[in-house]
Amino acid sequence: MNNIATLTDVRRSFVQADIEISVLRGVNLNIKAGEVVALVGPSGSGKSTLLQALGLLEGGFTGSIQIDGEEMAKADSTQRTLVRRDKLGFIYQFHHLLPDFSATENVILPQMIIGTNRQDAELRAQKLLTSLGIGHRLSHRPSQLSGGEQQRVAVARALANRPKLILADEPTGNLDEKTADIVLNQFLDLVRNEGSAALVATHNERLAQKMDRQVYLHNGVLEF
């Protein structure tokens, strides 16, 4: 299998009150096409920082970051934006849905941004939402949905443009245990059926065991 993402000696430090704090201390990671990897570590271990590096969301990193064979460490803002748009999908602990739009419309919008026509975008949205078990809630706005339903819409939105790689930061962290299990299982089934790869940050070992493999962030270095 080809590597969808490769991190080589990725480092990130912050300066607080004239003290340098190293968060990532030389991270090395390969994620293969179709693979779902759990990124495990306690709160504050740097999981979100690592996802930001791989998601091309902020600068200040050193080392090599390759997405689908393309080196991104030295890429300009336009290149990074295009790769995020065309090859990456994001899911956060909070859904960040647009409140004035229906579930379907929230999944349609990212497709239309890349030029998909409205009819095809709507069909794709309906298919994804139905596969996640909320086909009966297509016209509902986020405020009319439960927490689990809102997060399912966020999952569908992340997969709408058929990204090569999904980056999920504690995607079920805001849900109760039963709902978290349901949403994660549906997420994993959908990602695998779509053929995407995923890196899922979690502090929950039990949920991590559901994924293809687990990597552990400890003292800024990944342990396998």
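By class, the 13 residues that line the second largest pocket comprise one nonpolar, nine polar and three charged residues. Here Ala, Val, Leu, Ile, Met, Phe, Trp, Tyr, Cys and Pro count as nonpolar, Asp, Glu, Lys and Arg as charged, and the others, Gly among them, as polar. The model is predicted, so local features need pLDDT of at least 70 and side-chain atom pairs count only at pLDDT 80 or more, while totals for chains, interfaces and linings use all residues. Residues are numbered from 1 along each chain as its sequence is written, and side-chain values use heavy atoms, with hydrogens and water left out.

A pocket is an open set of points on a 1 Å grid over the protein atoms alone, where a 1.4 Å probe fits, with protein on both sides within 12 Å along at least five of seven lines; lining residues have an atom within 4 Å of a point. The second largest pocket holds about 210 Å³ of space, a volume being the space filled by probe spheres set on the points. Ser43, Gly44, Ser45, Gly46 and Lys47 lie nearest its centre. Helix H1 (47-54) and strand S2 (19-32) each supply at least two residues of this lining, and H1 gives the most, with three. Helices (H or I, at least four residues) and strands (E, at least two) are DSSP runs, numbered from the N terminus.

The largest pocket has a volume of about 490 Å³. Its lining has 18 residues, and Leu88, Phe90, Pro110, Arg157 and Asn161 lie nearest its centre. Helix H3 gives the most to this lining, with four residues. By class, the lining of the largest pocket has 10 nonpolar, five polar and three charged residues.

Next comes the interior. Of the 224 residues of the protein chain, 49% count as buried, meaning under 20% relative accessible area with a 1.4 Å probe, protein chains only. A nonpolar core is a set of buried Ala, Val, Leu, Ile, Met, Phe, Trp, Tyr and Cys residues joined through side-chain atoms within 4.5 Å. The largest such core has 35 residues, of which Val107, Leu129, Val153 and Phe187 touch the most other members. H5 gives the most to this core, with six residues. A second, separate core of 32 residues includes Val23, Leu29, Val83 and Leu88.

As a whole, the protein chain has seven helices and 10 strands. Its C-alpha trace spans about 50 × 40 × 40 Å along the principal axes.

Technical notes. Buried < 20%, exposed > 50% of the residue type's maximum accessible area, 1.4 Å probe, protein only.
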